[in-house]
Amino acid sequence: MQETALRMPERIRPGDTIGVVAPGSPISLDEGEALTAYLEKAGYRIRFGKTIKNQMNFHGYLAGDARTRAEDINSMFADPDVKGILCARGGYGSSHTMEYLDLEMIRRHPKVFIGYSDNTNYHSVFNKYCGLITFHGPMAVSNMLKGFDAYSRSSLWQALNMSMTDFYEFKNPPGDPMKVLHPGKAKGLVTGGNISLLAHSVGTFYQPDTEGKILFVEDVGETIPRLDMMITQMEQAGMTKGIRALLIGNFEDCSNDRYDRSYRIDDFLCDRFADYKVPVVTNLCSGHKHPMGTIPMGAVCSVDASDSAVRIWFGPG
């Protein structure tokens with residue numbers, strides 16, 4: 001069955017205004033000033049949301065109340081001068097904002113939206129209800145101010161500039177190959193993100209639709225038992241039933257050190273997904289790790305995985 005991708009937003013060009021939001025955890029005044037200097041040097045104008053401008057901070061883990069954080073996103077989509085929206089960082093709290101998003105307005109004003117981690121919820125809801133391709137890619141403070149390497153820049157630029165008549169092939173950095181757990185070919189819209197967020201979305205209106213899709217997952221700082229529990233929750237909720245392929249990104253600082261440190265995260269992933277009958281590819285360079293590749297969520301993804309080679313590309317349906 002041929003897949004039709006969601007809408008590709010208009011490209012960002014030098015001189016455009018980029019809106020920077022903190023829908024989860026806050027950023028400091030120094031980080032905001034450094035980010036302004038970085039983006040202006042790169043040739044862009046910058047506009048901060050209220051939570052950043054007003055340095056809103058609730059005990060270090062939330063950038064203000066839920067309505068204000070959501071309104072920052074709404075206002076950036078509504079503002080005709082803002083051509084793209086960049087998340088400052090992830091952290092905690094995106095789930096608070098879901099009920100305050102103006103999804104109908106956002107659907108009418110498609111724009112580039114970039115983020116990952118706690119921002120997984122926005123990919124799910126913008127793909128699902130707004131028909132908008134979004135970008136699981138580098139964030140302002142978490143990546144751009146912390147060693148924005150050539151691979152990460154190139155991958156983001158290629159993803160942002162893909163079109164529905166061109167292909168963007170996802171490639172890892174040289175010397176860091178992807179690995180095949182189960183070979184095969186598949187094609188479908190890509191969805192997913194951070195496993196913790198996906199598992200906690202079960203039963204909500206923003207739980208992503210995964211039937212017939214290619215599912216991408218990643219996480220950071222979790223123990224293997226917790227990951228096992230969250231994957232089981234996703235399976236029992238039907239989120240892995242009917243997927244066409246599974247793409248496994250970085251699982252940075254995930255371990256079983258508390259119980260048996262010899263059981264590594266790579267061993268767990270191989271064991272946990274050994275019985276999946278669809279193509280399964282691991283070690284995609286995307287997630288909580290430097291460097292970081294960009295995945296256009298909601299785009300048509302093609303997977304060709306064999307014992308000798310792996311190709312993953314995004315483009316026309």
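Which residues are exposed on the other side of α1? In this predicted model, D30 and K41 are exposed there, where exposed denotes over 50% relative accessible area, buried under 20% and partly exposed in between (1.4 Å probe, protein chains only). Residues are numbered from 1 along each chain as its sequence is written, and side-chain values use heavy atoms, with hydrogens and water left out. Because the model is predicted, local features need pLDDT of at least 70 and side-chain atom pairs count only at pLDDT 80 or more, while totals for chains, interfaces and linings use all residues.

Helix α1 (29-41) contains 13 residues and reaches 18 Å from its first C-alpha to its last, close to the 18 Å expected at 1.5 Å a residue; the expected span is 1.5 Å times one less than the number of residues. Helices (H or I, at least four residues) and strands (E, at least two) are DSSP runs numbered from the N terminus. Buried in α1 are G32, L35, T36 and L39. They cover an arc of only 105° around the axis, which puts them on the same side of α1; the arc is that of the directions from the helix axis to the C-beta atoms. The cover over the buried residues of α1 includes β1 (17-21), β2 (45-48), β3 and α7 (140-144). Just after α1, G43 adopts a positive phi of about 100°.

Helix α10 (residues 224-236) likewise has 13 residues, and its first and last C-alpha atoms span 18 Å, close to the 18 Å expected at 1.5 Å a residue. The buried residues in α10 are I224, L227, M230, I231 and M234. Viewed down the axis of α10, these buried residues fall within an arc of 125°, so they line one face of the helix. The face turned away from the buried side of α10 carries the exposed residues M229 and Q236. Packing of the buried residues of α10 is against α9 (195-200), β9 (214-220), β10 (245-252) and α11 (265-272). Just after α10, G238 takes a positive phi of about 85°.

Grid points are joined across faces, edges and corners, and a volume is the space filled by probe spheres set on the points.

The largest pocket has a volume of about 400 Å³. Its lining comprises 22 residues, of which G91, Y92, N194, S196 and L197 are the closest to its centre. At least two lining residues of the largest pocket come from each of α4 (94-97), α9 and β9. By class, this lining has six nonpolar, 12 polar and four charged residues; Ala, Val, Leu, Ile, Met, Phe, Trp, Tyr, Cys and Pro count as nonpolar, Asp, Glu, Lys and Arg as charged, and the others, Gly among them, as polar.

The second largest pocket holds about 340 Å³ of space. Among its 18 lining residues, Y44, M144, F148, L156 and L160 lie nearest the centre. Helices α1 and α8 (150-160), together with strands β3 (82-87) and β4 (112-115), each supply at least two residues of this lining. The largest share, four residues, comes from α8. The lining of the second largest pocket has 15 nonpolar, two polar and one charged residues.

One cavity of 30 Å³ or more was counted. The largest cavity contains about 50 Å³ of space and is lined by I195, L215, V217, I231, M234, T240, L246, F273 and Y276. Both β9 and α10 supply at least two residues of this lining. By class, the cavity lining has eight nonpolar, one polar and no charged residues.

Two individual residues were also examined. F216 is placed in strand β9 and, at 0% relative accessibility, counts as buried. Leaving aside neighbours within four places in sequence, F216 is in contact (heavy atoms within 4.5 Å) with residues including H136, V190, L198, L247 and I295. The C-alpha atoms of F216 and M292, 76 residues apart along the chain, are separated by 14 Å. T68, found in helix α3 (residues 66-78), is buried with a relative accessible area of 18%. Beyond its neighbours within four places in sequence, T68 is in contact with K50, T51 and M56.

Terms used. 1 Å grid on protein atoms, 1.4 Å probe; cavity = no way out; pocket = protein on both sides within 12 Å on 5 of 7 lines; lining within 4 Å.
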